[in-house]
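User: Could you walk me through reading side-chain contacts in a model like this? I'd like the general idea and then the case at hand.

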Amino acid sequence: MYFLRRVKTIAFAGLLATTGLACAETNISAVFSPSSEAVRNSLISSSLILQAERDGTTDTQELLAAARADYERLLAVLYDAGYYGSVISITVDGREAALIPPLESPERIDEISLRIDLGPIYRFSEANIGPLAAQTELPEEFRRGAIASTGAIRDAAGAAVDGWRSNGNALAEIGGQQIIARHDENRVSAKVAVSPGPVLAFGEVSIKGNSEVRSRRIDTIAGLTPGQRFDPDEIDRAERRLRRTGSFRSVVINESDVATPDGRLPLTIEVAEQTPRRFGFGAEYSTIDGVRLTGFWLHRNFLGGAERFRVDTEVAGIGGETGGIDYGVDVRYERPATPRADVDLFAEIGFERLEEPDFKSRTGEFTLGFTRYAADDLIVTFGLGYLYSEVDDDFGNETYSLLTLPLSATRDRRDDLLDPTKGVFFKAEATPFYGFGDTESGAQLKFDARGYRTFGENIPVTAALRLQLGSLVGPALTESPPFYRFYSGGGGTVRGQDYQSLAVDINGDRTGGRSFAGISGEARVRVTDNITMVGFYDWGFVAAESFTDGGDTHAGAGLGLRYNTGIGPIRLDLATPVSGSADASNIYIYVGIGQAF
């Protein structure tokens, strides 16, 4: 309940908190007594009359309407904070706003005064809700002795309904409630009854909003099987599967309010289709690697079943010191929900010509495989491929013919892909290969782990750490494919060092190693909403054999600047060698989009 009373004077003293700004013709003032900063801020942000003050509203009808509407809005804030005995007074030129008829709006308003006396805080004398499904966890705030927040009651009711829905009771709802405030005791008794309803199964699925993507394919991708026990998590997964295709701007699955006589709940999938074609390009530059240009063309609904067809091209090493200009083109086709909802089929063919410092190669590769979305943040890929490559290096001219079995697992828990501030990222890759003819067999193993954590509020600092590992097993180093060997140096490993500058020496011939380790650390200091300063240190290790057989290391460090564009930061890094064979006076420049890792 709330009480109304007329207030003639406004004071500011002790625990009183006052806010007041003058509109063009109307003076608006407010007093909240007493209150915490959090409650005061909630009241200020919820008040329509104070919003009208900030907006400079002068129309008397709008001001009176805002004042009359504020009673209910402010009362909701007070109840949510546990204040059930507060006194709210909103006067318009001395008259209580609630008592002014809507059609008798004055022609002029000189002063609007808002005053709230909060009174004591109330606590739960009783907090009961039921019946509850097994494993239901109620919020800690909904218990006897806790502050009697209406938010705690709502959260408890939501948890109870969600618990039954997770059990298959799709139409569970709140059947009744009894909330009594005892003002002489400053206590609130809350009793909530839950109506679970029957256990239901998924019913017929209808499709709406599609014109280009076939309804049958949408149904298959969603993976909601009629007759399957109702599960709200499965509905969430179905929405994610459809969004993941990229063919839709929005996806919403609506449940019917009424079950069929046979205990099934009809569903409707409403989609809004995305523009099917898209293209883009990118550019990066460093003083050693030169210019790297990339471009792609994408069709999101290639055959009418939400298939993705993408062509990527790349030209790298332009004007750089990396051996020459590299070219590559990659064509990839993906068909979602093949053979089942959480598995996508892909076919990929690529061609590239590399002119690296230690070798030149011309390679073609074809891979057929599957991508499985094992969990919300875990993606597993496995495939079968064939690779053919002609290589010219210090050991002579070689032709490699390989049957490959690429495998990978990625767990991504970052809050932002291009500019993460918290979370972790892990990716493990294994590429066993079987050599035909004179080509040896073996496997390349790679691991990439990244972690992020942000400290501070006024000036946030994000600590970012990356660990990279690589190993080549099987053939002798001189018999292994050079594109599976490991180097260090350059923007992807150690900034401040020449591209692939760290390698191994085999009888005077230079080549990549069988073992690699890299560690990178960054401190990202957000100076403004758009500007971030970065300090970083990179370290790399390459060995001819295993990690324990010795090897060489080098390191680089520097400073960077990031400018937030809204779609990802523009990156500028200046780096110099710290250890290794490079000249410590060298300065390397790296420019790109997105964080370094």
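User: Let's begin with aromatics. Which residues form one aromatic cluster here?

Analyst: Keep in mind that this is a predicted model. The general idea is to look at ring centres first, then at the angle between ring planes. In this case, Tyr-400, Phe-433, Phe-483 and Tyr-484 make up one aromatic cluster.

User: And how many aromatic pairs does the whole structure have?

Analyst: The search turns up 16. Take Phe-124 and Phe-142: their centres are 5.5 Å apart with 70 degrees between the planes, so the pair is edge-to-face, given that the cut-off for that label is over 60. Phe-124 sits in strand E6, while Phe-142 is in the loop between E6 and helix H4, 18 residues apart, and the pair links distant parts of the chain.

User: Are Phe-124 and Phe-142 buried or exposed?

Analyst: You read that from relative accessible area, where buried means under 20%. Phe-124 has 1%, so it counts as buried, and Phe-142 is buried as well, with 5%. Tyr-484 comes out at 7%, which means buried again.

User: On to charges. How many salt bridges are there?

Analyst: The idea is to check how far a Lys or Arg side-chain nitrogen is from an Asp or Glu carboxyl oxygen, with a cut-off of 4 Å. The count here is 38. One of them joins Asp-342 and Arg-241 at 2.9 Å, N to O. Asp-342 is in the loop between strands E15 and E16, and Arg-241 is in helix H6, 101 residues apart. Asp-342 is partly exposed at 23%, whereas Arg-241 is buried at 5%.

User: Which residues are linked in a network of salt bridges?

Analyst: Arg-495, Glu-522, Arg-524, Asp-538, Arg-562, Arg-571 and Asp-573. Arg-495 lies in the loop between E23 and E24 and Asp-538 in strand E27, so their pair ties together parts 43 residues apart in sequence. Arg-495 is buried at 2%, and Asp-538 is buried at 1%. Arg-571 and Asp-573 meet at 3.8 Å; Arg-571 is buried at 10%, and Asp-573 is buried at 0%.

User: Last one: which residues form a negative surface patch?

Analyst: Here you look for like charges that have no salt bridge. Glu-398, Asp-438, Glu-440 and Glu-479 form the patch. Glu-479 is in the loop between strands E23 and E24, and at 40% relative accessibility Glu-479 counts as partly exposed.

Note on methods. Residues are numbered from 1 along each chain as its sequence is written. This is a predicted model: local features need pLDDT of at least 70, side-chain atom pairs count only at pLDDT 80 or more; totals for chains, interfaces and linings use all residues. Side-chain values use heavy atoms; hydrogens and water are left out. Patches are made of residues with over 30% relative accessible area and no salt bridge: like charges are joined within 9 Å, nonpolar side chains (Val, Leu, Ile, Met, Phe, Trp, Tyr) within 5 Å. Accessible areas come from the Shrake-Rupley method with a 1.4 Å probe; for residues, only the protein chains shown count as cover. Lys and Arg count as positive and Asp and Glu as negative; His and the chain ends are not counted. The place of a charge is taken as NZ of Lys, CZ of Arg, CG of Asp or CD of Glu. Helices (H or I, at least four residues) and strands (E, at least two) are DSSP runs, numbered from the N terminus. Buried means under 20% relative accessible area, exposed over 50%, partly exposed in between (1.4 Å probe, protein chains only). Rings of Phe, Tyr and Trp (its six-membered ring) pair if their centres lie within 6.5 Å; planes under 30 degrees apart count as stacked, over 60 as edge-to-face and the rest as tilted.
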